[in-house]
Amino acid sequence: PTKNPFRNCLEVGTAPECVEIKQNHFMLVDTSTGKITYFAPDHTPESQAKFHTWTCTLAEQHEYIKLAPTQMLSPGFIDLHIHAPQYSFTGTATDRPLMGPDGWLERYTFPAERSLNTDDLRKARDVYSKVVSTTLKHGTTTALYFATLHVKPTKVLCDVASDIGQRALIGKVCMDRNCPEDYCETTEENLRGTEDIIQYIRNSSAGRDGLLMPVVTPRFIPTCTPELISGLADMARRYDCHIQSHVSESIDEVAFSKSLDENGQGRSDTVVFDSLNCLTAKTVLAHGVFVDDNDADILRMRGCAIGHCPLSNFYFAGRALPCRHLMQRGNKVGLGTDVAGGYSPSMLNSCRSAVIASKSLWQAKYYANEIPSTSEKDDTCSLTYKHAYYLATLGGAEALGLDHEIGTFCVGFKFDAILLSAMKDNIHVFSTDTVEDIFQKICCLGDDRNVERVYVQGRRLV
């Protein structure tokens, strides 16, 4: 089997309170399985013996990478919330509220998603090829994708992700109410289409290899009847699938969802989803900015995760997610770009936005006298760059229930990794900079220029 060793490997993303940088380590990757076979300090006798064996028998056949002081090998980023069809208008459409007759969904989102359902599907393939390639270049090795209402374009996204090699969880969007007549399906059509996608993915080679996974996807409560949500939840149980949706994401969405509550109590999104059996250990709910402590308790007990989308929250939510508070309560939280509500496909940008959002939330609480004094310092209620990096890597893996396979570096884990470098035009390294300084500079200043290589399951894709 092919083995790629990485010497002086830096490992990032082991825990929210301690992102650990491991210098002078030696790693072996078996590219026939895509798994890490060895990872330890390079000065141990075992490491020295393995390195000697490798140089004597395998060096001419296989690749050896010794990292420079300004480079580090990191677990790949995991984007917990991204709308693949919306990539066509990423960087625009930040001027409308989420909902309403002339809102963001009606003016931009529904038309863009509907436009991919053409006879030749060329536009779908073009958009999807670009979003998968671009996110990979930014270091996203795993993405949790919303596709569109239609089955055929959703299959195109599956094919593109499979062909390029990104690890992808993909769901056909389901809607059966409060959406345009020409972009809506009946409850039964949604259920049949979802089952079609599940079987399409499970029967594909990428599905069998674990690189492609199906996701049951009710868009959100305003566009999904209780019958549809309940039917999708039942299907997710039968097929052991992930579930994704949006929860308590904006002022207008929360108000509209409460007005639709059939029992007349104006229940929260979380309580409604729970009553319909949609909350499982494989459920990821985007946003959650209006989730209260009771909702958070339900989500934690069910094992659900929140996909934190700080950039789009600034534009559409009307509130910042109390991310550190939820983490301290034991809720699972990961990070998402929310393309195109979030205008950047970069998870490094999402990391920076998460830190800024947490700081702004702390400041708002302080000046509203909700924090008693300055004795409650930033570092006890705000995120640092290390917290954000954890959310973008192992936090995302935990949210997906894949933390036994990806999200950090351990023997037996799949080698989903990115090689980061600070030696680019956008970052300057000085002789006084420590390894921690270099890592922080990449977190605060880095972009796709600093992502030199991308590996998914041992295969180099960038």
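How much space lies in the largest cavity? I started my notes there, keeping in mind that this is a predicted model. The space comes to about 150 Å³.

**Cavities**

I searched the whole structure and got two cavities of 30 Å³ or more.

H11 gives the largest share of the lining of the largest cavity, at three residues.

The second largest cavity has a volume of about 30 Å³. I listed its lining as Gly76, Ile78, Thr141, Thr142, Ile406, Gly407 and Asp416. By class, the lining of the second largest cavity splits into two nonpolar, four polar and one charged.

**Sheet**

I moved on to an open sheet of four strands, ordered E5-E15-E16-E17, with antiparallel pairing. Strand E5 (71-75) and strand E17 (459-460) are the edge strands, each pairing on one side only. I checked E5 against strand E15 (residues 417-421) and counted five bridges, in the antiparallel sense. In E15, isoleucine 418 is the residue that stands opposite serine 74.

I placed alanine 340 in the loop between strand E14 (332-335) and helix H13 (347-367).

I also wrote down two residues with positive phi. Asparagine 24 has phi near 55°, and it is a residue other than glycine. I found asparagine 24 in the loop between strand E1 (3-7) and strand E2 (25-30). Serine 248 is not a glycine either, yet its phi is positive at about 40°. That serine 248 sits in the loop between strand E11 (242-247) and helix H8 (251-260).

Then I looked up accessibility for both: are they buried or exposed, or partly exposed? Serine 248 has 2% relative accessibility, so it counts as buried, the cut-off being under 20%. Asparagine 24 has 40% relative accessibility, so I put it down as partly exposed.

Technical notes. Residues numbered from 1 in each chain as written. Predicted model: local features only at pLDDT ≥ 70, side-chain atom pairs only at ≥ 80, totals over all residues. Heavy atoms only, no water. Pairing = 2+ DSSP bridges. 1 Å grid on protein atoms, 1.4 Å probe; cavity = no way out; pocket = protein on both sides within 12 Å on 5 of 7 lines; lining within 4 Å. Points joined across faces, edges and corners; volume = space filled by probe spheres on them. Nonpolar A, V, L, I, M, F, W, Y, C, P; charged D, E, K, R; others polar. Buried < 20%, exposed > 50% of the residue type's maximum accessible area, 1.4 Å probe, protein only.
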